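Please read them alongside the coordinates.

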Amino acid sequence: MDTSKYAALFLAESREHLSSCNHLLLQWERDPAATDAVSGLFRSIHTIKGMAATMGFSGVAELAHRMESLLDALRDGRVMVRAGTFELLFRAVDALGRSVEEAAAGRDPLPEPALAAALEAAGGGPTRAAGPGVHPTAVAGAPRRRATDAPRARTVRILIKADAVMRGVRAILAVRRAEVLGVISAVRPSFAQLEREAFDGRVSFRIESREADEVLVAAIRAAGEIESVRIEEAAGLELDGAGRHRQIKVDLQRLDRLMKQVGELVVAKNRLGVMAVGSHDPALTELSDRISRLVSGMQAEVIASRMTPVGEVFDPFPRLVRDLSRDLGKQIRLDVEGDEIELDRAILDEIGEPLLHLIRNAADHGIESAEARAAAGKPPEGRILLSAARERNSVTLRLSDDGRGLDRAAILAKARREGYADAADDTASDDLLLRLIARPGFSTAEAVSGVSGRGVGVDVAMTRVRALGGTLEIRTEVGKGTTFLIRVPLTLAIVRALLADAGGERFAVPLAYVAETVSFDPRAVTSLRQREALVVRERVIPTVRLRDLVSSAKGDAPARPPAVILEIGERRSALVVDALLGQQDIVVAPFDAPRGMPPYVGGATILADGAPALVLDVAALL
């Protein structure tokens with residue numbers, strides 16, 4: 001069997017099982033009586049071993065087999081959990097992950113001798129070598145084989161789901177799983193035919209086994225993507241899949257190219273709409289409206305296809321915090337909420353690094369030692385909460401800890417020593433603190449550790465979030481903890497925008513940050529901290545005059561210009577413009593800003609009339 005074309009599937013599924021292994025190990029470590037976690041862990045390792053054996057990756061299969069033997073001994077009570085058992089298992093999962101990546105890349109290293117020996121010793125004795133088709137235990141928790149029963153000959157018929165990716169390799173995995181439970185013969189079609197495109201998902205074979213029908217079905221179904229299993233000349237057991245949602249895996253680069261094409265369609269749709277209105281031709285107008293509806297529907301479907309649960313980014317963090325707590329000698333727990341909230345894949349790929357830096361800072365600077373927490377009347381275990389929530393057309397990621405909070409006095413003192421003008425303000429608001437700690441190289445840590453102290457964490461987070469068109473906020477209270485709020489748009493590619501004119505130039509304001517529009521009434525003008533502000537329904541909102549920011553402004557400003565109330569979280573600002581030009585779907589084209597480009601410009605777009613316009617960065621304006 002040519003396994004090279006199945007490497008991507010093997011890698012993707014192995015990564016999912018390895019992520020599950022980390023979560024189950026954490027659950028088992030917190031609750032040693034969690035037998036379901038042990039069984040789930042055994043199943044994941046066993047599945048990786050089976051896939052690796054089928055692919056011919058003997059190194060991966062050998063390491064997984066040694067882990068499986070240890071887990072089997074722990075599950076059955078032949079050996080007991082000791083102080084170093086969990087550390088050994090975490091170390092083995094990491095090594096298995098590296099081995100899977102190397103095997104998929106064309107290398108298949110043998111297990112590290114020291115790790116293999118440690119697993120063997122912890123399991124209580126020598127481990128039989130694993131090879132293709134050698135799987136000592138088929139299904140965790142399944143009835144043990146009864147040696148006194150005589151083998152029975154049966155015919156097994158398997159149907160692979162129609163929407164399964166690479167149905168042939170699924171069929172081979174299913175046959176291999178049955179092979180460990182008895183003697184297999186008369187496989188139809190042959191393995192060579194299973195690799196062909198014409199394979200219809202149906203495979204049958206004859207098996208002589210002592211196992212019950214239920215055990216055979218469970219072992220075969222563990223291969224995944226099985227529609228039905230039928231065993232003849234026995235109890236007639238047949239299990240039919242109930243799900244009918246068809247799914248395929250698509251390369252992300254294809255979705256990226258498709259999104260770019262849809263973006264071009266949106267620009268063309270807008271241009272066609274303007275031409276149709278100007279032509280006064282009813283037929284052209286009707287066609288334009290139809291094309292507009294079709295493109296909008298296609299746009300929505302493509303964006304939906306790129307949406308991915310944030311849980312994919314959150315998954316590694318519980319294990320990260322567990323390792324950090326041991327490196328720092330602290331007791332720290334990470335709780336995750338809202339991991340089902342979805343974000344555009346492009347944003348999700350970029351948000352992981354800012355969260356990583358903030359989590360490391362929270363563990364090192366925020367959470368106190370167990371002794372310090374006890375002295376402050378807190379439980380010895382510190383808590384970090386990572387959550388996601390949907391807010392209109394954006395997603396808010398919240399990272400909070402119940403630690404010591406930021407030391408405002410220390411931050412201001414350090415900033416003054418380094419000559420930062422911002423630090424002259426003694427009030428030390430949360431916004432000021434964030435501006436100070438987000439400066440490159442700024443840190444109040446007395447020593448640099450392996451976790452933090454070089455002053456890059458918040459700086460990296462702020463830079464990356466702003467590049468995504470999002471915002472970063474902070475709330476802190478001494479002795480109670482710190483919360484970072486990251487707000488990012490649902491998608492970057494195509495957004496709804498409000499078009500505005502200022503000084504003869506047109507600008508696009510992302511509608512996700514527009515709360516409302518009002519008329520700028522001079523009688524409602526007041527001041528707030530020596531700045532112009534506008535009173536809107538008894539709320540004082542600071543103003544930003546876009547005309548004043550545009551150096552090439554032409555003509556006189558209108559007497560009663562419109563004001564766009566911008567809103568991010570609890571912060572508001574009134575953007576005063578010369579005129580509002582309506583709404584439009586725009587394709588945002590990020591660019592490397594040339595020298596002298598104002599910070600409030602976040603990208604560019606092509607409007608319906610074919611002219612370019614700058615997209616405003618609302619976070620920078622606020």
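1. In this predicted model, Arg466 and Asp617 form a salt bridge whose closest N and O atoms are 3.8 Å apart. Because Arg466 belongs to helix H17 (residues 457-467) and Asp617 to the loop between strand E23 (612-616) and helix H19 (618-621), the pair ties together parts that are 151 residues apart in sequence. Arg466 counts as partly exposed at 31% relative accessibility, whereas Asp617, at 11%, counts as buried.

2. A network of salt bridges that share partners joins Glu29, Glu87, Asp94, Arg319, Arg322, Asp323 and Arg326. Within this group, the side chains of Glu87 and Arg322 meet at 2.8 Å, N to O. Of the two partners, Glu87 is partly exposed, with 39% relative accessibility, while Arg322 is buried, with 5%.

3. Lys49 and Glu68 also deserve a look, since their side chains meet in a salt bridge at 2.5 Å, N to O. The pair ties together parts that are 19 residues apart in sequence, because Lys49 lies in helix H2 (residues 35-55) and Glu68 in helix H3 (residues 58-76). Lys49 is buried, its relative accessible area being 1%, and Glu68 is likewise buried, at 3%; both values fall under the 20% cut-off for that class.

4. As for the overall count, how many salt bridges does the structure hold? The total is 47 salt bridges, and the pairs discussed above, including Arg466 with Asp617, are examples from that set.

Methods. Residues numbered from 1 in each chain as written. Predicted model: local features only at pLDDT ≥ 70, side-chain atom pairs only at ≥ 80, totals over all residues. Heavy atoms only, no water. Salt bridge = Lys/Arg side-chain N within 4 Å of Asp/Glu carboxyl O. Helix = DSSP H or I, 4+ residues; strand = E, 2+ residues; numbered from the N terminus. Buried < 20%, exposed > 50% of the residue type's maximum accessible area, 1.4 Å probe, protein only.
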